[in-house]
Amino acid sequence: MPALPVSSPLVSIVTPAFDVARFVPDAIASARAQHLPGWEMILVDDGSRDGTARRAEHAAEGDPRIRILRQANAGVSAARNAGLAAARGEALLFLDADDWLAPDALSRLMAALRASPGAALAYGPWAAVAEAARPGDAPLAFKTGPFPSGDVLERLLVRNLLVNGGHALIRRAALEPAGGFRPGIRYGEDWECWVRLALGGRFARVPGRAPLLFVRERSGSAYRRMARDPAAFAPAMEAIWANPDLAARLGRRLPRLRARAVAERDWVVGRELVRHGARAEGLARLGASVSAAPGLRRAALLAAAHLLPLLPAPLHGPFRRYPA
């Protein structure tokens with residue numbers, strides 16, 4: 001029996017898609033497998049050249065809960081905003097088209113959001129999978145925390161607590177006044193949006209350790225391409241720290257938090273440089289980060305990074321080279 005259209009959906013799954021024809025059927029199938037009734041999916045094809053929209057239409061055939069929109073290529077933020085404008089749900093989840101949801105993801109997220117009436121969003125565990133993985137394959141790694149709850153603004157300013165929007169259910173009443181995604185930011189646009197959400201409300205954590213979301217580690221991902229370049233962080237960080245609501249909320253704590261955010265950026269850039277083979281430049285960035293924000297764990301990792309040529313590859317930990 002075909003699925004019935006949702007007249008007033010609880011959840012809108014918004015999925016931007018660009019040249020992901022081989023992955024998008026898994027994302028759509030994971031939406032159709034959700035235990036929670038009362039959802040819709042809006043997939044926005046952002047000018048794909050590989051037949052993504054056709055593959056999506058085939059995967060969604062006969063299911064009126066899924067709508068596929070097309071637009072000229074305008075970037076992930078514009079695609080998310082187009083989906084948001086078409087969405088009707090009281091809560092929203094931004095699922096990347098190359099990832100997939102656990103079957104109980106929406107039900108667990110909705111339960112956590114309902115249990116925290118003042119929360120802007122609920123979020124929780126996720127897992128990394130290989131680029132060629134399919135649902136049911138063993139993950140490469142699990143991310144079970146920390147996912148702090150309550151007022152997370154200061155922690156979120158220092159580092160992005162979310163891998164992406166696929167493991168977060170956002171209350172529409174919180175997102176609309178905060179605004180959508182800024183099309184002028186190519187990297188970290190989601191982080192900047194989460195900061196605006198945290199300014200207006202608390203975050204809630206989904207109980208348990210089972211992943212809500214499975215994230216592909218793709219060789220062509222924005223993270224692999226851009227996280228080693230400090231300039232890539234600049235537009236998002238400038239937008240975050242230029243927000244006048246931050247100064248009103250945090251006052252004298254703002255400069256200290258900004259310095260910690262810069263130290264965190266340097267750690268990420270240094271780690272990614274090492275992983276891409278630029279070891280000397282990466283070690284310099286790692287050293288600058290530890291000097292600016294000392295900590296025993298980071299100091300130990302910095303020492304290990306200096307010893308990488310002497311260590312077997314399985315012991316390279318967060319500095320392991322990406323596969324060719």
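Start at helix H9. Ala232, Phe233, Ala236, Met237, Ala239, Ile240 and Trp241 are buried there. Buried means under 20% relative accessible area, exposed over 50%, and partly exposed in between, with a 1.4 Å probe and protein chains only. Helices are DSSP runs of H or I, at least four residues; strands are runs of E, at least two; both are numbered from the N terminus.

Now the ground rules. This is a predicted model: local features need pLDDT of at least 70, side-chain atom pairs count only at pLDDT 80 or more, and totals for chains, interfaces and linings use all residues. Residues are numbered from 1 along each chain as its sequence is written, and side-chain values use heavy atoms, with hydrogens and water left out.

Back to H9. What do its buried residues pack against? Helices H5 (153-158), H7 (189-200), H8 (222-226), H10 (244-250) and H11 (254-275). Contact here means heavy atoms within 4.5 Å. H9 covers residues 230-241, 12 residues in total. From first C-alpha to last it reaches 16 Å, close to the 16 Å expected at 1.5 Å a residue. That expected span is 1.5 Å times one less than the number of residues.

Next, the sheet. It is open, with seven strands in the order S3-S2-S1-S4-S9-S6-S10 and mixed pairing. Two strands pair if DSSP finds at least two bridges between them. At the edges sit S3 (66-71) and S10 (202-205), each pairing on one side only. Twist averages 25° from one strand to the next. Axes are lines fitted to C-alpha atoms, for helices over the stretch in contact, and angles run from 0 to 180 degrees between N-to-C directions.

Take one pair. S1 (residues 11-17) and S4 (residues 91-94) run parallel, over four bridges. Valine 11 has alanine 91 as its bridge partner in S4. Helix H3 (residues 76-86) packs on the sheet and touches S1, S2 (39-46), S3 and S4. Its direction makes about 145° with that of S2. Helix H4 (residues 105-114) packs on the sheet too, and S6 (119-123) and S9 (168-171) are among the strands it touches.

Last, two backbone points. Most residues other than glycine have a negative phi, and most peptide bonds are trans. The bond from glycine 145 to proline 146 is cis, with omega near 0°. Proline 146 is in the loop between S8 (141-143) and H5. Aspartate 19 has phi near 50°, a positive value. It lies in the loop between S1 and helix H1 (24-32). Buried or exposed? Aspartate 19 counts as buried, because its relative accessibility is 17%.
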